[in-house]
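The sequence and the structure are shown first, and the description follows.

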Amino acid sequence: MNFRMFKKLHICFFSLLLAGTFLSAGCTQKNKGEKSQSTNMTQPKNTSADLPSVVVIMKSKSQSKANGTIALTETDSGLRLKGTIKGLDANSGHALHFHEKGSCKGDGAKGAGGHFNPDNEKHGALSDKKHHAGDLGNYFSNSDGEIKVDKTFSHLKLTEGDKAVINRSMVLHAKKDDFTSQPSGAAGKRIACGVVPKIK
């Protein structure tokens, strides 16, 4: 090998070595940039507040087959009721109320007492200016005999104040509420009842 060829090979080798060094540096820089970007990315924050919530288990009463669960959640807009009650006749109407006592004792859930009524008002519809705090309106089953509840009541609270329903009971009646008859709307037997449990 003469000197000229050796010189060319030496220059080629040096060029390849230099190119490899730059390429490696560029990759390292890119990886560092990617790592930095990943590290600095802000994780999405959970902006939803921890809202007080309990589940009411509705059990059959008065020899009915009605049963289900309804979640009660305190929101900024009021008390939200969401759940399902099943075991009903298809396409039937039923009144739902909060009752004053946290008990479902007795076959007819007599232990629940009367309607929750801290302001000593007359029984009525939600559209009335005055009504029992426990008046929740009528609900209608679908063709499968299930009632789907998802409604928020601005006048109720879960845990605090005189409108709090904690440690009271929720009762489903055999018939619709007529919103006129006193003191219970002539809604018939109590066919399902559940106690609103205390938050642990």
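Strands are DSSP runs of E with at least two residues, and they are numbered from the N terminus. The model discussed here is predicted. In these terms, Lys163 is placed in the loop between β6 and β7, where β7 covers residues 169-173.

## The sheet

An open sheet is formed by 8 strands in the order β5-β4-β7-β8-β1-β2-β3-β6, with antiparallel pairing. The edges are held by β5 (135-140) and β6 (147-153); each has a single partner strand, so one side of each is left without a neighbour in the sheet. On average, and ignoring direction, neighbouring strands of this sheet are turned by 20° against each other.

Strand β4, residues 93-99, pairs with β5 in the antiparallel sense over 4 bridges. Within this pairing, Gly93 has Phe140 of β5 as its bridge partner. Strand β4 is also paired with β7, again in the antiparallel sense and over 4 bridges. Here Leu96 stands opposite Leu172 in β7. Finally, β7 and β8 (residues 190-195) form an antiparallel pair over 5 bridges, and Ala192 in β8 is the bridge partner of Leu172.

How many residues of β7 are buried? The count is 5 of the 5 residues, so β7 is largely enclosed by the rest of the structure. In a regular strand, side chains alternate between the two faces of the sheet. In β7 both faces are covered: Ser169, Val171 and His173 are buried on one side, and Met170 and Leu172 are buried on the other.

Nonpolar side chains tend to be buried together in soluble globular proteins. In this model the largest nonpolar core has 27 residues, and the members that touch the most other members are Leu72, Leu81, Phe98, Leu156, Val165, Met170 and Leu172. At least two residues of this core come from each of β1 (53-60), β2 (67-75), β3 (78-86), β4, β5, β6, β7 and β8. Leu81 illustrates the contacts: beyond the residues up to four places away in sequence, Leu81 touches Ile70, Ala71, Leu72, Leu96, Phe98, Leu136, Val149, Asp150, Lys151, Phe153 and Met170. Another core, of 5 residues, lies apart from the largest one and includes Cys104, Ala109, Val171 and Cys193.

## The disulfide

Two cysteines of the 5-residue core are also joined by a disulfide, Cys104 to Cys193, with an S to S distance of 2.0 Å. The count of disulfides in the model comes to 1. The link of Cys104 and Cys193 is left-handed, with -75° about the S-S bond. Cys104 lies in the loop between β4 and β5 and Cys193 in strand β8, so the pair ties together parts that are 89 residues apart in sequence.

## Accessibility of selected residues

A residue counts as buried under 20% and as exposed over 50%, with partly exposed in between.

| Residue | Relative accessible area | Class |
|---|---|---|
| Cys193 | 2% | buried |
| Cys104 | 15% | buried |
| Lys163 | 19% | buried |
| Asn167 | 38% | partly exposed |
| Asn120 | 69% | exposed |

## Residues in the loops

Is Lys163 buried or exposed? Its relative accessibility is 19%, and because buried means under 20%, Lys163 counts as buried. The side chain of Lys163 makes a polar contact of 2.9 Å with the side chain of Asp119. Neighbours within four places in sequence aside, Lys163 is in contact with Phe116, Pro118, Asp119, Ala133, His155, Leu156 and Lys157. Leu156 is also one of the residues named above for the largest nonpolar core.

Two asparagines have a positive phi although neither is a glycine. Asn120, in the loop between β4 and β5, has a phi of about 55°. Asn167, in the loop between β6 and β7, has a phi near 65°.

The loop between β7 and β8 contains Pro183. The peptide bond from Gln182 to Pro183 is cis, with omega near 5°.

Notes: Residues are numbered from 1 along each chain as its sequence is written. This is a predicted model: local features need pLDDT of at least 70, side-chain atom pairs count only at pLDDT 80 or more; totals for chains, interfaces and linings use all residues. Side-chain values use heavy atoms; hydrogens and water are left out. Two strands pair if DSSP finds at least two bridges between them. Axes are lines fitted to C-alpha atoms, for helices over the stretch in contact, and angles run from 0 to 180 degrees between N-to-C directions. Buried means under 20% relative accessible area, exposed over 50%, partly exposed in between (1.4 Å probe, protein chains only). A polar contact is a pair of N or O atoms within 3.5 Å; within protein, one must be able to donate a hydrogen and the other to accept it, and residues adjacent in sequence count only if both atoms are side-chain atoms. Contact means heavy atoms within 4.5 Å. A disulfide is a pair of cysteine sulfur atoms within 2.5 Å. A nonpolar core is a set of buried Ala, Val, Leu, Ile, Met, Phe, Trp, Tyr and Cys residues joined through side-chain atoms within 4.5 Å.
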